[in-house]
Amino acid sequence: MKDNLLPNYHCCLNAEKKPLEIYIFVDPLCPECWALEPIIKKLQLEYGKYFRLKHVLSTDLTRLNFSSKKYESIAQLWEKTANRTGMSCDGDLWFENPISTPYLPSIAIKAAELQGRKAGIRFLRKVQEVLFLEKQNVSNLDILTECARSINLDIDEFLNDIHSDSAAKAFQCDLKILSEMEVSEIPSLVFFNENIEDEGLKITGLYPYKVYVQIIQEMLDEKPVPAQLPSLEQFLKIFKLVASKEIAMVYDMSITEVEKELKKWVLQQKVRVIKGKYGTFWSYIDKETK
């Protein structure tokens, strides 16, 4: 699980005056990264006051040389991951609408990030939703543009940036960080504290939530106090579209309990239900913008 301690990376710990910096290495096309979403949401809600999260993008460029056998193996991986984690993704995409240019979504995310760090994170999530739930080809510029429009980015600026050296260089910078931190498996999280004499700690793959909390505790050298969670309705209002699995993880509920409660909300027109191949998602209906 934990790799050898890494030399401290010169990160911008003082940017938000938080004691920890967590680098999260993700590939927007990776189902394991998608499956990490419930854990990241809960960490941010409960312990976000202790750390600053920095997303670093990676892309498996071996996907550039596709064959029908490779499509089949990727599809099988998607199905197994969805079945195991509860974060639905549909492997049929690789037979019906396969990704042709796997690095383009990462470039697009860096272009969105030029409109602000939060814009980049929202865009990453939207790309994942469109890819894993709707089986859309997110290497298609029209699809990426629609993702940008749906989260209210400046479209002219986005289209200009996606073709610019700035977005390409930003992605190259991420790949350089990936190399320098010797990250060879996605997803990975690398934890740093504010003591420049201390080394970073790398964890690869997916683990139970308590493992990540324990690492935060070790890095802080104190027991962190979790923040009070928002109400379930506020949670949905913040994140707009969430899986039953994400709600279950954050609120320590069973999937059955989540879906029993949210079905009442459908009748009250608070949410819309979206059925995934391996799980259910809930879209918040914001009455103020209807």
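Visitor: In β4, which residue is the bridge partner of Val190?

Guide: Before the answer, note that this is a predicted model, in which local features need pLDDT of at least 70 and side-chain atom pairs count only at pLDDT 80 or more, while totals for chains, interfaces and linings use all residues. Residues are numbered from 1 along each chain as its sequence is written, and side-chain values use heavy atoms, with hydrogens and water left out. Strands (E, at least two residues) and helices (H or I, at least four) are DSSP runs numbered from the N terminus, and two strands pair if DSSP finds at least two bridges between them. Here the partner of Val190 in β4 is Lys202, and β3 (residues 188-193) pairs with β4 in the antiparallel sense over 4 bridges.

Visitor: In what order do the strands form the sheet?

Guide: The sheet is open and has 4 strands in the order β2-β1-β3-β4, with mixed pairing. Because β2 (51-57) and β4 (201-204) each have a single partner strand, they stand at the edges, and one side of each is left without a neighbour in the sheet. Neighbouring strands are turned by 20 degrees against each other on average, direction ignored; axes are lines fitted to C-alpha atoms, for helices over the stretch in contact, and angles run from 0 to 180 degrees between N-to-C directions.

Visitor: Is Ile203 buried or exposed?

Guide: Buried means under 20% relative accessible area, exposed over 50%, and partly exposed in between (1.4 Å probe, protein chains only). Ile203, in strand β4, has a relative accessible area of 1% and is therefore buried. The C-alpha atoms of Ile203 and Leu189 are separated by 5.3 Å, although these residues are 14 apart along the chain.

Visitor: What volume does the largest cavity have, and which residues line the cavity?

Guide: Rolling a probe the size of a water molecule over the atoms shows where empty space is left. On a 1 Å grid over the protein atoms alone, a cavity is a set of points where a 1.4 Å probe fits but cannot get out, whereas a pocket is an open set with protein on both sides within 12 Å along at least five of seven lines; lining residues have an atom within 4 Å of a point. Grid points are joined across faces, edges and corners, and a volume is the space filled by probe spheres set on the points. The largest cavity has a volume of about 50 Å³, and its lining includes Ile24, Cys33, His55 and Gln128.

Visitor: How much space lies in the largest pocket?

Guide: The largest pocket holds about 1,200 Å³, and of its 33 lining residues Ile121, Arg122, Arg125, Ile238 and Phe239 lie nearest its centre.
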